[in-house]
Amino acid sequence: MTSGEGRSRRQDGTGTDDGDSGLAFLLGFVALGVVVQTVAWLWGHPLAAAAVLGGAATVLVALRVALRRTALGPPVRRFLQPLWALVRAGIAARFTLARTRAAASVTGRIEQWAHRPVRQTTPAEPAASYTRRSLVHTLEAFEAATPTGFEEMCRELLERAGFTDAVRTGGAGDLGADVVAVDGLGRRVVLQCKRYAAPLGSEAVQTFNGTARPVHGAAVPVVVALNGFTEPAAAFATQQRLHLVDRERLARWGAGQHLYQVLDIDPGAGRHT
């Protein structure tokens, strides 16, 4: 082989390399344009933008490798350096934005959990309790009430003091029981409530005595009279162990005293009082 033939083959080979490199540069530049357009389209999504920017970086690296074998390599590399810097800055910015959004989302969830509304639960009231409630009835209020309202006020005072199952039963055919309730020891309290303008007589007390224990099962039978009792009625009640609430005791009961304090009844006494 002559030296002329060798030079000719090397020249032919160089020409072929230059053509291939030029074609690679052209294809790479087109691909870079496609990447840039895709980035502009998908920039709103962090993961998609990061993937496209990574593709752009790959294209730029491929271009640099292809251009090393051509005379255009150094000037093109200098031209691509700012683009390469922009791509790296874009990747860093997108990752920073994604990290910031993730941190903000986690922080927001933690704050939302910390400030969540607490469900309020109302504790159940004990079955037998003598806890006082804020309720006061004056003598003037008792006097202004109707007979039915008078019975209801007495029921409220029992409920205020913690008696359970306090029910107004007064009416036609009540057989003397206007209000019934149960105290803390399970004793049945039966009230007859009379709102008369005059003191209550012995006949009404005797009628109540005949039904309070045998019919209503009263362990604590009580007669409440707005204007007190006659002497015969009070004597009969003492003999039959009936508890009487006269005007003075009614005022104390309505003002806040417990019924058993008003009647001098021991709350822990035996079954029959």
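Q: In which helix does Arg160 lie?
A: The model considered here is predicted. In this model, the residue Arg160 belongs to helix α5.

Q: Which side chain of opposite charge is nearest to Arg160, and how far away is it?
A: Arg160 is buried yet takes part in no salt bridge. A salt bridge would require a side-chain nitrogen of Lys or Arg within 4 Å of a carboxyl oxygen of Asp or Glu. The nearest side chain of opposite charge lies 9.0 Å away and belongs to Glu156.

Q: Which backbone oxygen does the side chain of Arg160 reach?
A: Although Arg160 is buried without a salt bridge, its side chain reaches a backbone oxygen at 2.7 Å. That oxygen belongs to Trp253.

Q: Which element gives the most to the largest nonpolar core?
A: The largest nonpolar core has 29 residues, and Leu191, Val224, Leu250 and Trp253 have the most contacts inside it. At least two residues of this core come from each of α4 (139-144), α5, β2 (179-182), β3 (188-194), β4 (220-225), α8 (247-255) and α9. The element that gives the most, with five residues, is α5.

Q: What are the centre distance and the angle between the planes for Phe142 and Phe150?
A: The structure holds two aromatic pairs. One of them joins Phe142 and Phe150 in an edge-to-face arrangement, and both of these residues are buried. The centres are 5.6 Å apart and the angle between the planes is 75°.

Q: How many residues apart in sequence are the parts that the pair of Phe163 and Tyr260 ties together?
A: Phe163 and Tyr260 form an edge-to-face pair, at 5.5 Å centre to centre and 90° between the planes. Phe163 lies in the loop between α5 (147-160) and β1 (164-168), whereas Tyr260 lies in helix α9 (residues 259-262), so the pair ties together parts whose separation in sequence is 97 residues.

Q: Why does Phe163 count as buried, and why does Tyr260?
A: A residue counts as buried when its relative accessible area is under 20%. Tyr260 counts as buried because its relative accessibility is 1%. Phe163 likewise counts as buried, because its relative accessibility is 4%.

Q: What share of the residues of the protein count as buried?
A: The protein has nine helices and five strands. Of its 273 residues, the share that count as buried is 35%.

Definitions and conventions
Residues are numbered from 1 along each chain as its sequence is written. This is a predicted model: local features need pLDDT of at least 70, side-chain atom pairs count only at pLDDT 80 or more; totals for chains, interfaces and linings use all residues. Side-chain values use heavy atoms; hydrogens and water are left out. Rings of Phe, Tyr and Trp (its six-membered ring) pair if their centres lie within 6.5 Å; planes under 30 degrees apart count as stacked, over 60 as edge-to-face and the rest as tilted. Buried means under 20% relative accessible area, exposed over 50%, partly exposed in between (1.4 Å probe, protein chains only). Helices (H or I, at least four residues) and strands (E, at least two) are DSSP runs, numbered from the N terminus. Lys and Arg count as positive and Asp and Glu as negative; His and the chain ends are not counted. A polar contact is a pair of N or O atoms within 3.5 Å; within protein, one must be able to donate a hydrogen and the other to accept it, and residues adjacent in sequence count only if both atoms are side-chain atoms. A nonpolar core is a set of buried Ala, Val, Leu, Ile, Met, Phe, Trp, Tyr and Cys residues joined through side-chain atoms within 4.5 Å.
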